[in-house]
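Work through the following exercises with the model open beside you, and try each task before reading its solution.

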2 protein chains.
Amino acid sequence: MTTKNKLLVCFKEQKGEWVSGESISNKLSVSRTAIWKQVCNLKADGYVIESSSKKGYLLSRTPDLLLADEIREKLNTSVFGKQDIIHLKETDSTNTRAKDLASHGAPEGTVVIAEKQTKGRGRRGRSWFSPLSDGIYASLILRPAISPVVASKITLMAAVAVAESLLSLTQLDVRIKWPNDILINGKKIAGILTEISTEMDRVDYIVIGLGLNVNTSFKNTSREVRERATSILAETGKRFPRIKLIRAYLQFYEKYYEMFNKSGFEPIMSRWKELANIIGQRIIVDTISKKYIGEVLNVDDDGILILKDDQGTAHRIFSGDVTLARVS
Amino acid sequence: MTTKNKLLVCFKEQKGEWVSGESISNKLSVSRTAIWKQVCNLKADGYVIESSSKKGYLLSRTPDLLLADEIREKLNTSVFGKQDIIHLKETDSTNTRAKDLASHGAPEGTVVIAEKQTKGRGRRGRSWFSPLSDGIYASLILRPAISPVVASKITLMAAVAVAESLLSLTQLDVRIKWPNDILINGKKIAGILTEISTEMDRVDYIVIGLGLNVNTSFKNTSREVRERATSILAETGKRFPRIKLIRAYLQFYEKYYEMFNKSGFEPIMSRWKELANIIGQRIIVDTISKKYIGEVLNVDDDGILILKDDQGTAHRIFSGDVTLARVS
């Protein structure tokens with residue numbers, strides 16, 4: 001732990017009470033000048049710290065930032081987020097940063113988080129609205145020893161992890177939309193962008209990008225965005241602490257990832273199906289090559305959607321955009 | 001064309017005759033000092049150029065290097081090798097360099113070639129013996145608009161392109177070994193390492209690495225390597241100009257790639273099957289998860305090997321190491 005971290009722990013233990021520079025100095029065995037320096041650094045991070053020559057210091061506000069130390073403080077995982085958590089005030093895309101790190105050897109469990117993305121990306125080169133400190137924009141590096149054909153499972157379980165995080169912390173009615181969007185009342189609250197670096201038979205790394213609208217207000221966006229997207233703030237009228245959600249997500253995700261490695265995918269897939277509620281629905285799927293209309297027979301363990309068209313032919317669809325079809 | 005390139009063309013047109021500095025100076029409209037400078041640069045690349053104050057210059061030997069200008073000189077392609085050809089005297093791995101370039105936007109058709117690799121890689125993290133200027137170590141960047149499940153076709157056609165290049169230029173008995181090795185008399189002469197960067201439903205880029213043993217002598221290698229690997233030199237006792245092979249490879253590969261985009265994969269796959277001669281064979285396949293023994297029923301259009309084991313169960317195998325099984 002750095003002096004800065006130790007100091008922060010020290011302040012937090014005071015729970016809103018003043019603490020003298022002298023007592024901190026004794027406790028941490030550092031000079032009062034060193035403490036003053038670190039107080040400046042904490043202030044630069046956004047912590048509000050009052051100081052008085054008589055009373056010492058008082059931590060009066062923790063910033064609403066997804067700082068590595070803040071996330072780790074109550075994070076109950078063994079690997080996810082236990083490696084580097086790289087917190088950026090602004091970046092182009094957390095997935096792009098994470099891929100860069102992964103290609104230079106960053107280990108499984110490394111997380112890249114940005115307060116703001118200037119080129120936030122969704123599937124198929126779409127953009128992801130990423131305003132400052134409103135959403136969670138986070139990318140996780142995984143290195144599973146799997147063939148690339150199995151990689152879709154990693155995405156499916158990410159969607160379940162996001163859904164379970166929201167369900168555990170809010171009263172919202174959360175749904176998964178195939179392949180990997182999270183909806184509230186039919187509007188998108190979160191999306192997952194999976195990017196894979198692989199040989200033909202062996203994955204090198206997978207980057208799982210999460211965009212989750214927490215305190216996002218869509219006031220100044222187009223009508224199209226407002227009709228399609230939502231956030232916790234938009235649904236409840238209240239701001240929600242992002243830090244709790246990112247912790248819950250990493251914890252649920254690690255739990256499913258371990259489950260997958262040890263005892264298989266079946267329980268995760270059956271939870272996915274409960275949350276997705278797509279089987280038996282009549283849908284339209286727009287894929288990169290073709291458009292399909294028909295009834296969903298199943299979504300298999302690789303996330304492949306089996307669709308029976310009106311001629312009775314079954315199609316195996318890997319990915320695409322789904323809309324519910326009006327019953328004819 | 002740079003002055004250096006123009007000068008080289010000029011020398012080559014002389015076909016072993018002397019050419020005066022003055023006549024080159026007039027022809028290219030550059031000073032004699034500029035010519036002298038570029039002669040120095042060509043010499044640094046390995047060209048042997050004699051000079052005489054009376055007779056001028058004589059190109060007496062072109063180096064046996066896979067220089068971009070030399071490859072392009074008679075390269076009959078539209079895209080492959082028509083973008084940058086990056087020629088490196090030494091690098092860690094041409095695939096690693098090509099992935100770096102691709103992730104920063106290098107276009108389809110970009111080629112990275114090294115005279116020597118210090119960390120030449122094969123499938124499954126194996127090394128590839130890459131001694132100085134003996135083999136072809138080349139990586140090609142492709143950006144096909146395909147789903148990653150189709151990517152195996154790109155590898156299959158690379159194997160056919162390598163085999164056809166060897167067949168068209170040598171008398172050797174070339175075979176493809178599933179999934180993507182090239183053999184002569186049961187020994188490996190070439191390998192292909194495909195690395196893919198992809199989203200779930202859309203490939204970003206594919207890097208196809210080729211290691212082809214041309215003038216490689218295995219004298220100082222272990223017995224194990226000598227038993228498994230071969231080269232044109234080892235098979236014929238003669239050195240072969242690498243430049244002809246790299247050109248042929250790029251030409252064949254581009255031809256198949258265009259064929260695949262326009263008229264489909266069937267003719268390429270049927271040629272693959274002719275060259276592989278695996279169907280009906282009894283084999284052992286070692287995959288990352290399991291070992292299979294049985295008879296090959298088919299290799300499908302995605303390169304998936306369909307194996308019937310001794311219990312009569314058919315298995316779909318994506319990739320692995322094949323050895324012929326003794327008939328029991």
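**Exercise 1. Symmetry of the two chains**

Determine how chain B is related to chain A in this predicted model, and which residue of chain B comes closest to the rotation axis.

Solution. Begin with the superposition: chain B is brought onto chain A by a rotation of 180° with 0.0 Å of shift along the axis, leaving an RMSD of 0.1 Å. The two copies are therefore related as by a two-fold rotation axis. Next, turn to the contact residues, where 96% of those of chain B recur in chain A, so that the same surface serves both copies. Finally, locate the axis within chain B: Ser197(B) comes closest to it, with its C-alpha at 2.3 Å.

**Exercise 2. Backbone exceptions**

Find where a cis peptide bond occurs in chain A and in chain B, and then examine the phi values of Lys15(B) and Asn185(B).

Solution. The background is that most residues other than glycine have a negative phi, and that most peptide bonds are trans. In chain A, Trp178(A) and Pro179(A) are joined by a cis peptide bond with omega about 0°, and Pro179(A) sits in the loop between strand S6 (174-177) and strand S7 (181-184). In chain B, a cis bond with omega about 0° joins Trp178(B) and Pro179(B), where Pro179(B) again falls in the loop between S6 and S7.

Turning to phi, Lys15(B) has a positive value near 45° and lies in the loop between helix H1 (3-13) and helix H2 (21-28) of chain B; its relative accessibility of 73% makes it exposed. Asn185(B), with phi near 50°, belongs to the loop between S7 and strand S8 (187-199) of chain B, and it too counts as exposed, at 57% relative accessibility.

Definitions and conventions:
Residues are numbered from 1 along each chain as its sequence is written. Chains are lettered from A and ligands numbered from 1 in the order in which they are written. This is a predicted model: local features need pLDDT of at least 70, side-chain atom pairs count only at pLDDT 80 or more; totals for chains, interfaces and linings use all residues. Side-chain values use heavy atoms; hydrogens and water are left out. Copies are superposed by least squares on the C-alpha atoms of residues with pLDDT of at least 70 in both. Contact means heavy atoms within 4.5 Å. Helices (H or I, at least four residues) and strands (E, at least two) are DSSP runs, numbered from the N terminus. Buried means under 20% relative accessible area, exposed over 50%, partly exposed in between (1.4 Å probe, protein chains only).
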